[in-house]
Structures are given as C-alpha cells and as structure tokens.
Amino acid sequence: MKTLKTLMQNFGIVGAGGAGFPSYAKLAEGANLLLINGSECEPLLYTDYIILKNELSLVISGISTVLSHTGIAKAQIAIKEHTAKRLGLEDNDRLAENIFVKALPDVYPIGDEISLIYEATGRLVKPGKLPITEGVIVYNVETMYNLGRAVRFNEPVTKKWLTVGGAVESPVVIKVPIGARVADIFKELDIRLEDGYTVLDGGPSMGKVINPSTYSVTKTTKGILILPDDSQAILSKKMNTKMAIARAETACCQCTRCTDMCPRNMLGYPLEPHKMVRTAMGAVEAMPMSVLSATLCCGCGICESLACSQGISPRAVIENYKGLLAKERLRFNLDGEYSVRPEREYRMVPYEKWMSMLGVTKFDKIAEFGGEINSFSRVEIPLSQHIGAPSAVAIADGAMVGEGELIAMPADGLSLPQHASISGRATLGINKIIIDKVR
Ligand code: SF4
Ligand code: SF4
C-alpha cells in the first residue's frame, strides 16, 4: 500500500474529474471493493467513454495495480447502460481477473459518489462519512488510465483527455498537454466563439463558467462546453447569489418539492432543501442542523432546475451556506440511523429529461476521438489543480525543462507535484508556471 501511495503521489495522480482529490490520499486499509466511476452522468461529456473505447487495457492495468498493492478482492467499472451498449459490454461482464462491468441506469446524478456506491453495491455511505467506511474506494476511469501509464511507461501525469462540445459542429474528445490554453484549443479545432455563448469547464449541471481567453486545462478538466446564454444550464450559473437568496426569502411557498426530488434526501440523508430555504427566510436560529446539513449537498441542481416551479434556487442558498461553513471548518458529522427512501426508485431523473431541463438536448451528439494535439507553443500550468495545498515551485525562473520533468514539489500536507507537459523555457507566473516551446 505504501509503495502505491508513493507512486501515485510522485506521478502527480489526482481524481481526473470533479473536485480533484489527490489519489494517494484515498488509499486506506479496510477496503474490499474498488469502484471505477465511468458513469459520466453530466450530459454532453464523452471523455470516459472514449478512454474506455480506446485505452481499456491501460485502464485495466491501473486497476490491477491497485488490486495487487492493496489486496482488494474485486473491482467494478461502473458505466451507464447506454455506454455499456455502445462499448459492446453487459452488466457483470468480466474484463480481467476480478474486474467486472457494472451497468447503471441512465439517470442523473448517478455519478455522484454516494449515489454511485449505493446503486452499484447497495451500500449506503452514512451522511458526512467517506466511502472507505463502507469498504469502498472510488477512482475515476482516467485516474486508472494515468496509473496504468505510470506503471507501464514510468510517466507522470502531463496530458488530459477532455470533451470539446456543446454548440460546436462535431463534439470531439481530445488529448492535450495540461496547461493548454482554451483559446489555443479553439484555434486548433477551428472553433470561433460567438456572442451570446458561454464557455464551461465541466458539464452543464456542475461545470463552472470560464474565460476562454485566460483559462488553461487542469488535471480535472473533463470537458470544455460552449452553451447559449439563454439555456437553463447557463442561466443558473450566472444567477446573482444575493438576488437568488432574496427571491428564496420572498417567493417560496414551502411546497417541499425540492426536498422530495433531492437525490441525497432520497438516500435518507437529512438534507431538506425546503428547510434551507426557510432558514434563508429567517428561521436559521430555530434550525441550526439544517444549515449544517448543507455540507451533504452534492450540488446536482435538481432542486433548482427541475423541482422548483417558483424560479427559486435552493442550491444557491445551500452553496452560500457551504461557503460560510467551509470558512469555519464545520461539516455535518452526526451519527444516526439512516435508510434509503422507498420512493427513490420512482423519483430518479431520466438522463433525457435532465438534458431537456438544462436546454442542452440539441447539442447531445456522441463525440469521436479527435486525436492528441501537441502543437501548442505555450502551456500555463496552475500550481493548484487539486484539493489541498498548492505545489511548491522547484525550478528557477527561465529554466529549460523537458517534458515530464518535475517543476513543482508537493507542499506540506495534502499536496502533489507538477510536471512539465511540454519541453521549453519556464517562466514563473503568479500561481502558475508558464512554459514556452523554444524554436
Ligand atoms: S420547490 Fe421551490 S417553492 Fe417549493 S419548497 Fe422548494 S424552493 Fe420552496
Ligand atoms: S443541489 Fe439540491 S437537489 Fe441536489 S443534492 Fe443539493 S439540495 Fe439536493
């Protein structure tokens, strides 16, 4: 286990989607199942699908490495039914010794770690606890691909697979150096950004709005999507938080529909978005635990984009609380008896319906692999690409670096190193290292 932890840390391996948890830190004693998240429940993203289609042997190699170093008996690659069909796979197919397919229903948000574990295994991670408490370690498909490359080719993480999609002629999955600028990617793919469109890093539900002129690809970029400003996906992201809270304070009729449809509530979690909205209306003193339960929200947006017919965003209220609680280092951590609600199986949101609620159905075309692009003359590598402390610069300003060379060391505590993703001259920027190819 220690050897694997060191290997994962030295090669800079991080959760390749979502929040970017350093992968070595997930390894712990007591696991009996390795669950590989290939569910890609965000609409319009096809990154994991293309990796599984083109690079399954490296994914399997990464999984086998984890199994052999940890003694975990079994691994499941969890993918949605429609992805399984496209890959010619079925539920419970055996891909290698102790590695099986787990087909999941096409519902949103099945990729949420807690929902994923319950759906794939029937195990319920208690509110505020980590998957390891139920004997599960979860890694993303691309994380296992990166581990496979590290073991087979002795290579650190310097490349990223991502979908470029949304309002483009043909969505593609490409492989680019980490730090590639989005503006340069658009140039390479001949994409011109028109007025009235917004660019996201990530999916339409949980992705974040970025400025393509200044933003560069990180180890967690799963997709770059271009979406119209008038789609629900973008409207909800551009919502003014103060106005959203003011609206919640005045317009909520306490119908409880947001709570009835909340996937975490249906898993039995004590998260009740309608009560969070009520606290915004001034009831916070009476219900302090409701506020603490904000940390149980996965941010899926169902309460805001699907459940509420009054145009209220419980998610905005909850996000605001999450920020305040994070500053005080407070989180929900109460032991208790929790059980999944029987109505859950009837209330899950079909993938097609979710796409339509976000206004992105017309952009859903299956992406093809667009190849590896290596013609970038500059990359800008952020020192903070993961949860934990930013990496510490390990080179001098102006140093010549080779691809794969260590350029930043892990800081104290939870942290990872960074490696040059192209060869060239390095310049130390603010919170980033810029590398220019030298001709
Ligand atoms: S669905 Fe809307 S109106 Fe109903 S309780 Fe939730 S926030 Fe209030
Ligand atoms: S965003 Fe809303 S629906 Fe989703 S988990 Fe949070 S409270 Fe529940």
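1. The model under discussion is a predicted one.

2. The surroundings of ligand 2 comprise 15 residues, of which the closest are Cys-262, Cys-297, Cys-300, Ile-302 and Cys-303. Besides α14, which spans 314-327, the helices α10 (263-266) and α13 (302-307) each supply at least two residues of this shell. Sorted by class, the shell around ligand 2 holds eleven nonpolar, two polar and two charged residues.

3. Ligand 1 is surrounded by 14 residues, and the closest of these are Cys-252, Cys-255, Cys-258, His-274 and Cys-308. Two helices, α9 (257-261) and α11 (273-283), each supply at least two residues of the shell around ligand 1, and the classes represented there are nine nonpolar, four polar and one charged.

4. A separate point concerns Pro-177, which is found in strand β8, covering residues 172-177. Pro-177 counts as buried because it has 22 C-beta neighbours inside 10 Å, where 20 or more are required for that label.

5. Leaving aside residues up to four places away in sequence, Pro-177 touches Thr-158, Lys-159, Asn-374, Phe-376, Val-379, Ser-421 and Ile-422. Gly-413, by comparison, lies 236 residues from Pro-177 along the chain, and the C-alpha atoms of the two are separated by 27 Å.

How values were computed: Residues are numbered from 1 along each chain as its sequence is written. Chains are lettered from A and ligands numbered from 1 in the order in which they are written. This is a predicted model: local features need pLDDT of at least 70, side-chain atom pairs count only at pLDDT 80 or more; totals for chains, interfaces and linings use all residues. A residue is near a molecule or strand if its C-beta atom, placed from the backbone, lies within 6 Å of it. Helices (H or I, at least four residues) and strands (E, at least two) are DSSP runs, numbered from the N terminus. Ala, Val, Leu, Ile, Met, Phe, Trp, Tyr, Cys and Pro count as nonpolar, Asp, Glu, Lys and Arg as charged, and the others, Gly among them, as polar. A residue is buried if 20 or more other C-beta atoms lie within 10 Å of its own, exposed if 12 or fewer, and partly exposed in between; C-beta atoms are placed from the backbone. Two residues are in contact if their C-beta atoms, placed from the backbone, lie within 7 Å.
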